[in-house]
Amino acid sequence: MSGFINWFASSNARHALQMCGHVEKILSSQRDLLKADAIAAVKAGVEKTRETVGSTTDQKQLESAMTELENTANKWLKRSEEHTSELQ
């Protein structure tokens, strides 16, 4: 429930959840191209970001979680012109 309240209280929380959605969308479209460890790593990154959103509205913690998610996505997901614009 606190994630729902954080969504209203923090624009960074909304941005972090939007990032999670984009990463999940890209993961879904690339699932057949990725190895199991890549899928697991990306899913774990998304889950960790969602947990952070649910537990805090602290801007630095949310930004850190988004940076970690971005780094994880960049490491494991395949780049394409279509998806590059979605992560920015």
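## Terms and overview

A residue is called exposed when its relative accessible area is over 50%, buried when that area is under 20%, and partly exposed in between. These words are used below for a predicted model.

The protein chain holds five helices and zero strands. Read from the N terminus, its elements follow the order α-α-α-α-α. The chain has 88 residues, of which 34% count as buried. Among contacts with a separation of 6 or more, 72% join residues 24 or more positions apart.

## Helix α4

Helix α4 covers residues 59–76. Its 18 residues, at 1.5 Å a residue, should span 26 Å, and the C-alpha atoms at its ends are 26 Å apart, so the two values agree.

The helix has a buried set made up of L62, A65, M66, L69, T72 and A73. Viewed down the axis of α4, these buried residues fall within an arc of 125 degrees, which means that they line one face of the helix. K60 and K75 are exposed on the other side of α4. The cover over the buried residues of α4 includes α2 (11–30) and α3 (36–55).

In soluble globular proteins, nonpolar side chains tend to be buried together. The largest nonpolar core here has 18 residues, and those that touch the most other members are V23, L27, L34, L69 and L77. Two or more residues of this core come from each of α2, α3 and α4. The most come from α2, which gives seven residues.

With its neighbours within four places in sequence left aside, L34 is in contact with L27, I39, W76, L77 and K78.

## Two single residues

Is N12 buried or exposed? N12 lies in helix α2. Its relative accessible area is 17%, and the limit for a buried residue is under 20%, so N12 is buried. Not counting residues up to four places away in sequence, N12 touches Q59, L62, E63 and M66. Of these, L62 and M66 are among the buried residues of α4.

D37 lies in helix α3. D37 and W76 are 39 residues apart along the chain, and their C-alpha atoms are separated by 8.9 Å.

Note on methods
Residues are numbered from 1 along each chain as its sequence is written. This is a predicted model: local features need pLDDT of at least 70, side-chain atom pairs count only at pLDDT 80 or more; totals for chains, interfaces and linings use all residues. Side-chain values use heavy atoms; hydrogens and water are left out. Helices (H or I, at least four residues) and strands (E, at least two) are DSSP runs, numbered from the N terminus. The expected span of a helix is 1.5 Å times one less than its number of residues. Buried means under 20% relative accessible area, exposed over 50%, partly exposed in between (1.4 Å probe, protein chains only). The arc is that of the directions from the helix axis to the C-beta atoms. Contact means heavy atoms within 4.5 Å. A nonpolar core is a set of buried Ala, Val, Leu, Ile, Met, Phe, Trp, Tyr and Cys residues joined through side-chain atoms within 4.5 Å.
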